[in-house]
Amino acid sequence: EPDVQESRQEFRSVNRSDAYQVINNLYQYLSNKNYSQARGLYSPTLQSSFNSNFFNQFDQVTVENLEVTNTTADTISFIGNNTYYYPDGTRQRERRSYQVGLINGDPKIIDSKFLKVTKPRQ
């Protein structure tokens, strides 16, 4: 007879600080070229489309000014400013959206979209 406690899943919504931390950790991992850990912060669907070669062209990638744009029972949505630092010293700034939700109890980035370039590469 299986233990009933084990089969019960804990349902909770993602909290804001955890969601914020996941996005910040992503950019730390990407900047450190730690792609397996970066990939692990995405949902399985996003993991399959993750392309580490894209990030190899940058010395560093950062996210700043994350603002919550929407919350539901299951997800928190953000918009943030990304800066891509190229080896030649140039950089480009963009706005991106992020949606964080729980997968097996862990906060993961379940959606992320490019919104616009706010400062072209220079």
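Guide: Start with pairing: two strands pair if DSSP finds at least two bridges between them. Helices (H or I, at least four residues) and strands (E, at least two) are DSSP runs, numbered from the N terminus. In strand E3, Arg 95 is the bridge partner of Asn 81.

Visitor: What kind of model is this, and how are residues numbered?

Guide: This is a predicted model, where local features need pLDDT of at least 70, side-chain atom pairs count only at pLDDT 80 or more, and totals for chains, interfaces and linings use all residues. Residues are numbered from 1 along each chain as its sequence is written, and side-chain values use heavy atoms, with hydrogens and water left out.

Visitor: Which elements does the protein chain have, and in what order?

Guide: The protein chain has five helices and four strands. From the N terminus on, the order is α-α-α-α-α-β-β-β-β. The C-alpha trace spans about 65 × 30 × 20 Å along its principal axes.

Visitor: How do you know that E2 and E3 pair?

Guide: Count the bridges. The rule asks for at least two, and 11 bridges join E2 to E3 (residues 91-103). So they count as paired. The two strands run antiparallel. They form a hairpin with five residues between them. In that turn, Gly 89 has a positive phi of about 95 degrees.

Visitor: What makes E1 and E2 a pair?

Guide: Nine bridges, in the antiparallel sense, link E1 (residues 60-71) with E2. The rule asks for at least two, so the pair qualifies. Thr 71 stands opposite Ile 76 in E2. This hairpin has three residues between its strands.

Visitor: Why is E2 called mostly covered?

Guide: Buried means under 20% relative accessible area, exposed over 50%, partly exposed in between (1.4 Å probe, protein chains only). In E2 (residues 75-85), nine of the 11 residues are buried. Across the protein chain, buried residues make up 37% of the 122 residues.

Visitor: What makes Glu 64 and Arg 93 a salt bridge?

Guide: A salt bridge is a side-chain nitrogen of Lys or Arg within 4 Å of a carboxyl oxygen of Asp or Glu. Here the closest N and O atoms are 3.3 Å apart, so the pair passes. Glu 64 is in strand E1 and Arg 93 in strand E3, 29 residues apart. The structure holds three salt bridges.

Visitor: Why are Glu 64 and Arg 93 called partly exposed?

Guide: Glu 64 has a relative accessible area of 35%, and Arg 93 has 22%. Both values fall in the in-between range, so both residues are partly exposed.

Visitor: What does the salt bridge of Arg 121 and Asp 88 tie together?

Guide: The N to O distance in this salt bridge is 3.0 Å. Arg 121 lies in the segment after E4 and Asp 88 in the loop between E2 and E3, so the pair ties together parts that are 33 residues apart in sequence. Arg 121, at 41%, is partly exposed. Asp 88 counts as exposed because its relative accessibility is 52%.

Visitor: How do you know that Lys 113 and Asp 111 form a salt bridge?

Guide: Their N to O distance is 2.9 Å. That is within the cut-off, so this pair counts too. Lys 113 is partly exposed at 44%, and Asp 111 is partly exposed at 25%.

Visitor: Why is the aromatic pair of Tyr 42 and Phe 50 called tilted?

Guide: Rings of Phe, Tyr and Trp (its six-membered ring) pair if their centres lie within 6.5 Å; planes under 30 degrees apart count as stacked, over 60 as edge-to-face and the rest as tilted. By this rule there are nine aromatic pairs. Tyr 42 and Phe 50 are 5.7 Å apart, centre to centre, with 45 degrees between the planes. So the pair is tilted. Tyr 42 and Phe 50 are buried.

Visitor: What makes Phe 54 and Phe 55 edge-to-face?

Guide: Their planes are 85 degrees apart, and their centres 5.0 Å. The angle is over 60, so the label is edge-to-face. Phe 54 is partly exposed at 37%, whereas Phe 55 counts as buried at 11%. Both belong to one aromatic cluster, whose members include Tyr 35, Tyr 84 and Tyr 86.
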